[in-house]
Amino acid sequence: MQIAVTSQNRKTITEHAGKCRKFWIYEVEKGVLTGKRLVEIGIEQSLHASAAQLAEPLAGTNTLITRGMGPGLYERLMQSGILPVVTIEEDPDAAVSAMLSNTLSRLPVARRIDLACHEHGHFSHIARQSP
């Protein structure tokens, strides 16, 4: 299993997963962390710029942990079989450890329908959040 964590500054989990170009990649076997490496992708390979597929260094990712992402990316990752996780945790190592022990606090991501409603002046984010 491979867990990717957005970390533009190489120290903390950063927001804007779609525009992030630096990721910590954690290798996990049978629930045990076996490796960690930093990968950097080109701007044209960012999740925002490459709607069709993940950049090669992210291709084996099963889970993506970040501090923020939009509903379009959330849905795209889910459809690709990648678990998107939005959290308030800032430390990449702590987030992965908590993820592996099933204790990582997750934040909801508003679905696309919320954005359409928001544009029409009746935003109801509480009723339609993703788990």
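This is a predicted model: local features need pLDDT of at least 70, side-chain atom pairs count only at pLDDT 80 or more; totals for chains, interfaces and linings use all residues.

Biologist: Where does Thr-87 sit?

Modeller: Thr-87 is in the loop between β5 and α2, and α2 covers 92-100.

Biologist: Buried or exposed, that Thr-87?

Modeller: Thr-87 counts as buried, because its relative accessibility is 0% and the cut-off for buried is under 20%.

Biologist: What lies 3.2 Å from a polar atom of the Thr-87 side chain?

Modeller: That's the backbone nitrogen of Glu-89. So the Thr-87 side chain has polar atoms within reach of the backbone at Glu-89 and at Ser-105, going by the 3.5 Å limit for a polar contact.

Biologist: OK, stepping back. How many helices and strands are there?

Modeller: The protein has three helices and five strands. Along the sequence they run β-β-β-β-α-β-α-α.

Biologist: And what's the strand order in the sheet?

Modeller: The order is β3-β2-β1-β4-β5, in an open sheet with mixed pairing. The edges are β3 (32-40) and β5 (83-86); each has a single partner strand, so one side of each is left without a neighbour in the sheet. On average, neighbouring strands are turned by 20 degrees against each other, ignoring direction.

Biologist: In what sense do β1 and β4 pair?

Modeller: Parallel, over three bridges, with β1 at residues 2-6 and β4 at residues 63-66. Val-5 is the residue opposite Ile-65 of β4.

Biologist: And β4 with β5, over how many bridges?

Modeller: Four, and that pairing is parallel too. There, Thr-66 stands opposite Val-86 in β5.

Biologist: Which residues of β4 are buried on its two sides?

Modeller: Thr-63 and Ile-65 are buried on one side, Leu-64 and Thr-66 on the other, so both faces of β4 are covered, buried being under 20% relative accessible area.

Biologist: How much of the whole protein counts as buried?

Modeller: 40% of its 131 residues.

Biologist: Let's go back to the loops. What does the side chain of Ser-7 reach?

Modeller: The Ser-7 side chain reaches the backbone nitrogen of Lys-11 at 3.3 Å. Ser-7 is in the loop between β1 and β2, and Ser-7 is buried, with a relative accessible area of 0%.

Biologist: Switching to pockets. What's the volume of the largest one?

Modeller: About 220 Å³. The largest pocket has 14 lining residues, and those nearest its centre are His-16, Gly-18, His-48, Met-69 and Gly-70.

Biologist: How does that lining divide into nonpolar, polar and charged?

Modeller: Five nonpolar, six polar and three charged residues.

Biologist: Now the helices. Which residues of α1 are buried?

Modeller: Helix α1 spans residues 71-79, and its buried residues are Pro-71, Gly-72, Leu-73, Tyr-74 and Leu-77. Just after α1 comes Gly-81, with a positive phi of about 85 degrees.

Biologist: Which residues other than glycine have a positive phi?

Modeller: Lys-30 is one of them, with phi near 55 degrees. Asn-102 is another, with phi near 60 degrees. As background, most residues other than glycine have a negative phi.

Biologist: Where do I find Lys-30?

Modeller: In the loop between β2 (22-29) and β3. Lys-30 is exposed, at a relative accessible area of 86%.

Biologist: And Asn-102, where is that found?

Modeller: Asn-102 is in the loop between α2 and α3 (112-119). Asn-102 counts as exposed because its relative accessibility is 68% and the cut-off is over 50%.

Biologist: How far apart are Ser-101 and Gly-31, in sequence and in space?

Modeller: They're 70 residues apart in sequence, and 8.6 Å apart in space from C-alpha to C-alpha.

How values were computed: Residues are numbered from 1 along each chain as its sequence is written. Side-chain values use heavy atoms; hydrogens and water are left out. Two strands pair if DSSP finds at least two bridges between them. Axes are lines fitted to C-alpha atoms, for helices over the stretch in contact, and angles run from 0 to 180 degrees between N-to-C directions. On a 1 Å grid over the protein atoms alone, a cavity is a set of points where a 1.4 Å probe fits but cannot get out, and a pocket is an open set with protein on both sides within 12 Å along at least five of seven lines; lining residues have an atom within 4 Å of a point. Grid points are joined across faces, edges and corners, and a volume is the space filled by probe spheres set on the points. Ala, Val, Leu, Ile, Met, Phe, Trp, Tyr, Cys and Pro count as nonpolar, Asp, Glu, Lys and Arg as charged, and the others, Gly among them, as polar. Buried means under 20% relative accessible area, exposed over 50%, partly exposed in between (1.4 Å probe, protein chains only). A polar contact is a pair of N or O atoms within 3.5 Å; within protein, one must be able to donate a hydrogen and the other to accept it, and residues adjacent in sequence count only if both atoms are side-chain atoms.
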